[in-house]
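Here are my notes for you to read alongside the model. Take them one at a time and keep the 3D view open.

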Amino acid sequence: MCRASLESTGDVSQAEAVNDGIVYLMVIPYILVGLIGFAVYRMYQKKKSS
């Protein structure tokens, strides 16, 4: 639906903004999972060395 709407208007800047928004929404969960994984790894390493 979004693609059809963007193709009908022909506004390139609006299409780029939608693409940037999709990338932004897609990257945030990966960053959060990576941070949680890193925190768990550090806790495991700290517990292992003690």
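**Notes on the chain**

1. Start with the charges: the chain has 5 positive and 4 negative ones, and their mean positions sit 36 Å apart. Lys and Arg count as positive, Asp and Glu as negative, while His and the chain ends are left out. Each charge is placed at NZ of Lys, CZ of Arg, CG of Asp or CD of Glu.

2. A word on the source: this is a predicted model, where local features need pLDDT of at least 70 and side-chain atom pairs count only at pLDDT 80 or more, though totals for chains, interfaces and linings use all residues. Residues are numbered from 1 along each chain as its sequence is written, and side-chain values use heavy atoms, without hydrogens and water.

3. Now the fold: you'll find two helices and zero strands (DSSP runs, H or I of at least four residues for helices, E of at least two for strands, numbered from the N terminus). The C-alpha trace spans about 65 × 20 × 5 Å along its principal axes.

4. How much of the chain is buried? Buried residues are 2% of the 50 (buried is under 20% relative accessible area, exposed over 50%, partly exposed in between, with a 1.4 Å probe and protein chains only).

5. Look at helix α2, residues 12-49, which holds Leu 32. Leu 32 is partly exposed, because its relative accessible area is 48%.

6. Tyr 44 is in helix α2 too, and it counts as exposed because its relative accessibility is 52%. From Ala 17, Tyr 44 is 27 residues away in sequence and 41 Å away in space, C-alpha to C-alpha.
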